[in-house]
Structure formats: structure tokens, C-alpha cells
Amino acid sequence: MTTPPLLDIKNLTVEFATRRGTVQAVKAIDVSVAKGETVAIVGESGSGKSVTSYAVVRILDRAGKVAEGSISFSGVDLVAASEAQMRDIRGREISMIFQNPRAALNPIRKVGKQIEDVLLEHVQATRATARDKAIEALAKVRIARPEERYDAYPFELSGGMCQRVVIALALACQPQLLIADEPTTGLDVTTQKAVMDLIVELTRERGMSTILITHDLGLAAAYCDKVVVMEKGNVVETARAGEIFRNPQHPYTRKLMQATPRIGMSLRDLLPDAQKGPAAQLAAPKPAPAPDAAPLMRVENLVKEYPRPASGSFLSKLMGKTEEPKAPFRAVDGISFSVAKGETLGLVGESGCGKSTTSMMITRLIDKTSGSILFDGTDIGAIPAKQFAASAHRRRIQMVFQDPTDRLNPRFTAERAIADPILRMGGISGRDALRARCEDLARLVGLPVELIDRFPHQLSGGQKARVGIARAIALEPDLVILDEPTAALDVSVQAVVLNLLQELKERLGMSYLFVSHDLNVVRLLCDRVIVMKTGAIVEQGTSEEVLGDPKADYTKELLTAIPHPPV
Amino acid sequence: MLRLIGQRLMTTIPSVIGVIIVTFLLTRVLPGDTAAYFAGPAASPEAIIEIRSKLGLDQPLPVQFVSYVTALVKGDLGMSLTTGQPVTADLAARLPASAELTLAGLLLAMSVALPLGVLAAVRQGSWIDHLCRIVATAGVSLPVFFTGLLLVYVFYFILGWAPAPLGRLDVFASEPARVTGLYLVDTLLARDGATFRAALAQIALPAITLAIFSLAPITRMTRASMLAVLGADFVRTARASGLSSRKVIGTYAFRNAMLPVVTTLGMVFSFLLGANVLVEKVFAWPGVGSYAVEALIASDYAPIQGFVLTMAILYVALNLMIDVLYGVIDPRVRLEG
């Protein structure tokens with residue numbers, strides 16, 4: 001007889017009471033986790049993967065409840081356990097790590113105190129030893145100078161550092177099971193690697209079991225023994241990690257795998273076979289831009305400086321004491337590049353490297369400190385950002401922003417959102433003409449025309465992304481800046497949106513500046529790539545050159561940090 | 001922290017100067033002639049002119065302003081013509097009465113509103129949530145003079161539990177030795193149990209009246225702010241790491257939810273301090289609000305100027321206190337200081 005699994009979920013159904021009646025978020029699923037095993041639960045948003053984990057530790061919202069099934073954890077029935085029993089289990093036996101580590105910590109309590117709270121609650125320390133134990137926990141997650149960090153508040157730490165604190169918090173009481181819910185979403189690739197390596201090392205060391213909840217198949221493959229694939233509340237496939245990638249059984253798993261950008265594939269390959277058919281002709285090889293043609297945009301020695309906050313008090317300034325002015329912070333440090341007509345230029349780098357500042361300067365939303373931005377022969381950098389909206393060039397440079405929800409006015413319908421630039425920049429008069437134009441644009445971006453009277457909250461993530469794109473191309477711009485346009489989307493939606501972008505570019509003859517930290521996506525979409533670090537360009541060249549055979553150490557570091565599915 | 005307080009104080013100087021100028025000008029443009037009012041209806045025009053020159057009101061405005069400011073620097077707010085006392089003395093006697101009443105009312109309101117708001121948020125949709133809504137709506141819908149009179153009618157007239165609503169102490173009790181000017185505190189310091197009880201009996205009804213009125217903003221703000229914080233990620237983390245609900249709600253949620261509540265408290269307090277004229281009238285409470293209104297009716301410049309200035313300074317001090325309190329609660333604010 002084999003040893004019983006540490007966690008055994010059988011026939012679990014979780015229901016949510018909503019205004020429109022009961023919704024089953026998880027439908028009769030079976031998942032088991034053996035002692036020392038690392039299991040990934042993979043699925044797209046709405047697949048029920050997080051709900052499953054919340055049901056295990058019983059922290060579902062008020063509206064959710066376990067309708068059926070059993071969850072047994074080393075012999076204890078977690079569905080039937082009393083709240084007091086559950087409190088003992090949470091944190092001491094089963095711990096959780098969440099997405100967005102900064103928000104996961106109490107913003108106004110010292111991080112050391114937060115670890116102490118957990119230690120004291122589970123009687124792992126006394127008041128006298130709590131401080132030392134908390135510092136020890138911080139040291140275990142390799143936080144440098146843990147004694148100092150004990151007194152830090154979350155806002156004083158970086159995202160990666162906060163996630164280490166959250167891990168320290170979760171592991172402080174030596175639990176047997178760790179549930180990590182998208183622990184690295186929103187972190188840079190190199191930070192992601194450091195955090196994942198740390199989790200795996202610490203849990204292996206202690207013989208702990210881990211459940212990794214993620215939408216990233218690559219991550220699941222690289223770090224887990226077993227993979228559970230969920231779709232719309234059902235478990236569609238469970239297999240060993242190596243197995244599932246070599247030989248996916250379920251169509252949904254195959255679809256997910258196909259939609260994950262990898263080396264050696266084209267944008268078209270991301271789409272399910274059924275969707276490839278008619279559009280494929282559009283992807284005919286396009287003529288490479290003539291090398292001698294004048295570039296659409298040329299950026300030279302662009303610099304953006306921000307003044308550092310002065311440390312002198314108002315009082316001392318009043319007294320006439322002047323202090324040595326600090327050197328301003330250079331967010332963008334003299335970069336030069338050009339974008340050819342019809343080209344997609346990728347701008348990659350980790351958070352804080354200046355890529356967003358660069359794109360904001362190019363879209364003329366903020367002013368540069370020095371340097372020039374030549375757009376079609378005119379130095380648009382010389383036009384102050386405040387006046388650029390009135391400039392004739394405004395309509396030629398448009399932007400697609402990151403979060404598809406935040407970037408739409410919640411009180412505008414899709415049609416009003418798409419019409420917004422047209423209304424501001426003129427061009428079309430008359431209600432019917434405007435409506436017709438919006439419908440055309442909706443058709444162009446593949447948004448069903450009947451949806452354009454809906455409000456953003458009535459649209460899905462992919463549909464909102466399409467509205468954002470339709471708005472950006474409404475004025476037929478020459479250059480579109482895409483700031484991580486697919487970062488918040490599921491992989492299958494991302495695949496469709498990326499293809500749409502490519503198709504639109506070819507059809508309308510636009511150029512793209514694609515800002516992203518996802519190198520796999522950049523590889524697929526971009527002709528050329530610029531790699532930025534601390535405000536400067538470390539490497540630039542064609543996508544194949546830079547991402548296939550990187551010269552700079554930093555680029556190599558970024559590339560090795562990407563988790564790859566073993567395919 | 002001291003530097004922060006110093007900085008904030010510096011920034012309030014321009015607003016205080018502004019208040020001095022504006023109140024001075026405002027009182028001058030008010031309709032009504034002080035000299036005529038004091039000379040009485042039967043006075044001859046000569047007598048009025050004489051009074052006017054005695055009061056310095058025949059001087060040009062800039063001259064009046066300079067003499068006002070010169071006196072102000074010496075701490076002299078002028079004489080009240082209605083009471084015949086220096087304004088400083090009047091305010092010093094009456095401000096503690098208003099402060100005591102407002103503080104008592106606010107503390108009472110807080111002791112009910114904070115737990116009610118927290119419970120309403122924790123048990124959203126339960127009977128306590130509905131109770132919270134009813135209490136809050138009823139509290140603001142009833143004007144203070146109505147609740148005041150109703151309380152007097154029920155507790156004094158019908159039940160006879162409360163003493164006659166005639167000021168801070170009944171006629172038989174003697175004023176305690178003045179330390180803070182707040183009778184409840186002073187009687188305790190003097191260990192005078194009987195007078196303390198007498199003062200408490202007098203303040204009970206007006207304080208309850210004020211409390212009922214100020215319940216609404218505090219409860220609603222506490223509830224809304226708690227709801228927002230309870231939905232936050234870090235509360236989920238605290239729950240998932242097995243902290244007791246007392247710790248989660250008390251230490252994690254409540255302290256974070258306090259920030260907007262503290263702001264509301266400050267606003268309610270400064271509003272009540274000057275604006276509870278009606279309550280002071282109903283309970284014959286010798287506070288600054290009724291003093292200022294009486295002076296206004298009599299076109300008595302000095303008390304009005306003194307009152308507005310005192311209120312402005314109090315308001316500034318209160319806001320400073322709230323800023324400091326913010327810094328104590330939220331470390332992120334300290335950084336910006």
C-alpha cells in the first residue's frame with residue numbers, strides 16, 4: 001500500500017452566490033499532493049485555480065462555499081474542521097504566498113513585526129525570542145542585513161525584496177505545505193528566477209510540498225514535478241511535468257502550449273489551427289524596408305533627468321542656508337535609435353530601466369531634458385508636451401497602454417472610447433459617419449460590432465484590449481507605441497492580440513515601438529530590439545542577433561532567466 | 001518629527017495673517033452702527049459721534065487696522081461692549097466650556113461610532129449593518145435643537161432624571177479650582193466627587209445631543225474605510241497565515257482604516273467647536289458659539305474678531321495634530337514630511 005498523499009482533494013465543488021444565481025467556480029475536481037512533491041496548477045483566468053487554493057485554507061469570500069467534496073490534509077478533513085482548528089493549520093501547516101507582494105504586506109507595520117505576529121500566534125516563539133526568530137526567518141530568505149530590514153516598512157523595499165519577506169512570513173512556522181499563488185507575476189524575469197529558485201530550494205531543504213498556481217506553463221515546467229491543468233473549473237489533465245509537455249493529451253492543454261511563445265516559432269504558430277486558415281495569406285513575407293530610406297523616427301542623445309528630493313528643511317532654506325545641489329537622477333541617459341517605416345522595434349529591459357520614460361517622451365507626454373526626437377524630419381522634441389496635443393503630429397503618434405481595464409474610461413461605451421481621438425482631432429463630422437467609422441474600426445480589430453455599445457466592465461480582457469487598439473489606430477497613425485499591451489492577458493488571448501497587431505501593422509503600414517519585458521513575445525513580434533539597462537542602451541540589433549546570439553552580459557542574463565518549457 | 005511640526009507651523013503663518021485681515025475687513029463692512037447701538041435709541045446725534053470717536057471708529061480703516069494689530073501683538077483683543085470685559089478674558093472663560101462640551105460629545109460619539117462602524121463592516125449585510133445605517137441617517141436628519149429639546153423634555157420634564165438645563169453647574173454647586181477650565185477634569189483633580197457628579201449631570205444631555213449629530217459621519221466613514229481595508233491583499237495574507245480575527249481586524253485592518261477616520265474626526269471636531277450655537281442656546285451653555293452670535297447681533301466688533309481668530313488658530317492647531325497623528329499611524333507620511 002502506498003503512503004496516503006499529504007493533501008487529497010476529492011470531488012471538490014466550490015460555488016459562489018452571485019446576483020444571477022449560483023455559479024460553480026470549481027466543478028468536482030480531484031487533486032492530490034504527495035509529501036515533498038511540487039505540483040503546478042496551471043490555467044487561464046477564471047479557470048478556478050486560485051479558488052481551489054482558497055478553498056483548501058478556507059479563506060474564500062463570504063459569497064463562496066464548498067458545495068461538495070472533501071479536502072483532507074494529513075488525515076484532517078479541512079471542510080469539516082472548526083474555524084479554530086483552521087486557524088492553527090493556516091500558517092503553521094499550510095502557508096500561502098500571493099501575487100503582488102507589496103500589497104500582500106501590511107503597509108503600516110514593520111516587516112519584522114509582521115513575521116513576529118505569525119510566530120507568536122502559532123506559539124513558535126515567545127515575546128523574548130520573537131525578534132531573533134523573525135530576523136532569523138529574514139536571513140533564511142537571504143535578505144541582506146536582516147537586523148536592519150526588520151525595521152523596514154514594505155514601501156521601503158523593492159518588489160523582489162517584499163516577495164522574500166512574504167516567503168519568510170509563510171515559512172516562519174515550518175509548514176508542511178506551501179501554496180504559491182502566482183508568486184512572480186509582475187516581477188522582472190531575473191527577480192522571478194531568484195524568487196522561484198529560493199522557493200524551490202527552501203521547500204526541498206525542508207521536505208515540504210508545494211502547490212504552484214500559475215498561468216505560465218514555462219514556469220510550471222521548469223520548477224514542478226506534476227502539472228494539473230484546469231479549464232473553467234474543471235481539471236482537464238494531470239500528468240508528470242515532463243510528460244505533459246512531450247505528450248499533451250487534452251485539446252485545451254495543447255491549445256495552451258501552442259499559445260505560449262517559445263523559441264523557434266512564428267506568431268502564426270501561436271494560434272489554434274482552426275483560426276489560422278484565412279488570415280494566413282495576409283502574413284505573406286513583407287518587403288524589408290530599404291536600408292537607405294529615411295527612418296520614420298530618429299532619436300538622438302535623448303536624456304531625461306528628474307531632480308532628487310532635497311533633504312534640507314523648509315526652515316533651513318528660509319534661513320538662507322544653501323546646500324550642495326545633488327546630481328539629478330538620470331532616468332534615461334543619452335540614448336539614440338531609429339524606427340524605420342513599417343518596422344516593429346522592441347524596447348526591452350527590467351522595471352526601472354527607463355523604457356517607459358523613453359516611450360512617454362516619444363509620445364510627447366513628458367518633456368525631455370536634452371537630445372532630439374526627429375519624427376518624419378521634424379524635431380517634435382522641441383514642442384513642449386503641453387502643446388503637443390494641439391500639434392499636427394499628435395494624430396500620427398498614438399499609444400496602447402498596459403492594463404486593458406485601467407486604460408478605458410469606465411463611463412464610456414466601447415464606441416465612445418474608440419471615437420474619442422476622432423472627436424478630439426476632428427476629421428469626421430456627423431453622428432452617422434462617426435458611428436460608421438467606429439464600426440469599421442471594430443471590424444478591423446475583430447471586435448464584434450454588436451459589442452461596441454457596451455461598457456468596459458461588460459467586456460472581456462481580450463475585447464478591452466481590442467477596444468484599446470481600435471482607439472489607437474482610429475486616426476491612422478504612423479507610429480504606435482505599445483506599452484506591454486498583452487501583459488495582463490491570458491496566453492491564448494495574448495496569441496490572438498499579437499497576431500492582430502501584426503496583421504494591422506501590415507495592412508495599415510504603421511510602425512510599432514513595442515515596450516515589453518517578455519523577451520519571448522518580443523522575439524516573435526519585433527524586427528529589431530533595443531535592450532536597456534539603467535537608462536542606457538546595452539545592446540541593439542535585429543531580433544535574431546540580439547536574442548539569438550546576445551553579446552552583452554546583461555542580455556544573456558535576461559535570456560537565461562526565462563523559464564523554458566522542455567519542448 | 002519636531003522638524004515636521006516646525007515646518008507645518010511655518011506654512012500656517014500666511015493663513016493666520018489672511019484670517020486677521022479678512023475678519024477685520026468683514027466686521028467693518030457688516031451692516032449696523034456700533035456707536036448708534038450703544039448710545040441707545042434715545043441718544044442725540046452728538047452723543048453718537050462722541051461714542052464713535054471714543055471707540056476710534058471715526059479713524060480711517062488703515063489707522064484702525066494698525067491699532068488693532070498693535071494691540072493684537074500684545075495679546076489684547078479689545079473690549080467687548082456688550083459684556084464690558086476684555087475679549088481675551090471672555091474667551092478664556094467661555095472657550096473651555098465649549099471645548100469640554102465638544103470633547104465630551106465627540107468622545108461619546110466615537111465610543112459608539114467606531115465599534116458600530118467596524119462591526120457593520122465585518123458583518124456586512126447583517127442586522128448590525130442595518131442598525132448602523134439607521135442610526136447614522138436618523139442622527140443627521142434630526143436638527144440638534146430638536147434632539148436637544150426632546151432630550152430635555154423626556155429626561156428633565158417627564159422623567160426628572162436630568163437637572164435643569166441651565167449651564168455647566170447647578171446653582172448650589174461651586175466652581176472647581178481652575179486648572180484646565182474643563183469642569184470634569186478640574187473636579188477630578190480636586191478630588192471633589194460631588195461637584196464632578198453635578199458637572200457630569202449637566203453635561204450629559206448636551207453631550208448626547210452633539211454625539212447623536214456627529215455619529216453619522218464617523219460611523220459611515222469607519223464602515224466604508226474598514227470595508228476597503230478588509231478587502232485588501234494584506235488582510236488576506238494575515239488570514240492565510242492563521243492570525244486570530246481579533247489580530248486581523250484590530251491590528252491589521254483597523255489601524256489602516258483609521259487614516260480617513262482621523263481626518264473626519266478632526267473636521268467634525270472643529271466644526272462642532274464653533275457651530276454648536278444651537279445646543280449652547282438650548283442648554284444655556286456659556287460657550288463661545290453663543291457669545292459670538294450675541295456679539296454679531298450687537299455689531300460688537302472686538303468679540304467677533306477675537307472669536308474668528310481663535311477659531312482659526314484652533315483649527316490650525318487641530319490640523320497640525322492630525323498631521324502628526326497621521327505620521328504616527330502611517331510611516332509613509334513621515335517620509336514625505
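Which residue in β9(A) does Val39(A) stand opposite? Lys226(A) is the residue in β9(A) that faces Val39(A). Before I go on, please note that this is a predicted model.

Now the strands around that pair. Val39(A) has its opposite number in β9(A), and the pairing there is between β3, residues 38-42 of chain A, and β9, residues 226-231 of chain A. These two strands run in the parallel sense, with four bridges between them. They sit in an open sheet of six strands in chain A, ordered β6-β7-β8-β3-β9-β10. The pairing across this sheet is mixed. At its edges are β6 (94-97) and β10 (234-240) of chain A, each of which pairs on one side only. From one strand to the next, the twist averages 15°.

Chain A also has an open sheet of four strands, in the order β2-β1-β4-β5, and here the pairing is antiparallel. The edge strands are β2 (21-33) and β5 (76-77) of chain A, each pairing on one side only. Let me take β1(A) and its partners in turn. With β2(A), strand β1(A) is antiparallel and is joined by nine bridges. The two form a hairpin, with two residues between them. With β4, residues 64-73 of chain A, strand β1, residues 7-18, is again antiparallel, and here there are eight bridges.

Next, the loop residue. Leu459(A) is in the loop between α16 (431-444) and α17 (461-473) of chain A. Is Leu459(A) buried or exposed? Leu459(A) has 21 other C-beta atoms within 10 Å, so it counts as buried; the cut-off for that is 20 or more. What is Leu459(A) in contact with, leaving aside neighbours within four places in sequence? The list is Ala414(A), Leu451(A), Arg454(A), Lys464(A) and Val467(A). Take Ala414(A): it is 45 residues from Leu459(A) in sequence, and the C-alpha to C-alpha distance is 8.9 Å.

On to chain B and a helix pair. Helix α5 (residues 87-122) and helix α14 (residues 301-329) of chain B have axes that come within 10 Å and cross at roughly 50°. That angle makes α5(B) oblique to α14(B). The crossing of α5(B) past α14(B) is right-handed. On the α5(B) side, the contact is made by Val87(B), Asp90(B), Leu91(B) and Leu95(B); on the α14(B) side, by Ala302(B), Pro303(B), Gly306(B) and Thr310(B). Sorted by class, the contact of α5(B) with α14(B) has five nonpolar residues, two polar and one charged.

Last, the contact between the chains. How many residues does each chain give? Chain B gives 23 residues and chain A gives 28. On the chain B side, the elements that give two or more residues are α1 (2-29), α10 (233-240), α11 (245-275) and α15 (331-336). Of the elements on that side, α10(B) gives the most, with six residues. By class, the side of chain B that touches chain A has eight nonpolar, seven polar and eight charged residues.

That is the end of my part.

Note on methods:
Residues numbered from 1 in each chain as written. Chains lettered and ligands numbered in written order. Predicted model: local features only at pLDDT ≥ 70, side-chain atom pairs only at ≥ 80, totals over all residues. Buried ≥ 20, exposed ≤ 12 C-beta atoms within 10 Å, placed from the backbone. Contact = placed C-beta atoms within 7 Å. Axes fitted to C-alpha atoms, helices over the stretch in contact; angles between N-to-C directions. Parallel < 35°, antiparallel > 145°, perpendicular 65-115°, else oblique. Left-handed = near helix turned anticlockwise from the far one by under 90°. Nonpolar A, V, L, I, M, F, W, Y, C, P; charged D, E, K, R; others polar. Pairing = 2+ DSSP bridges.
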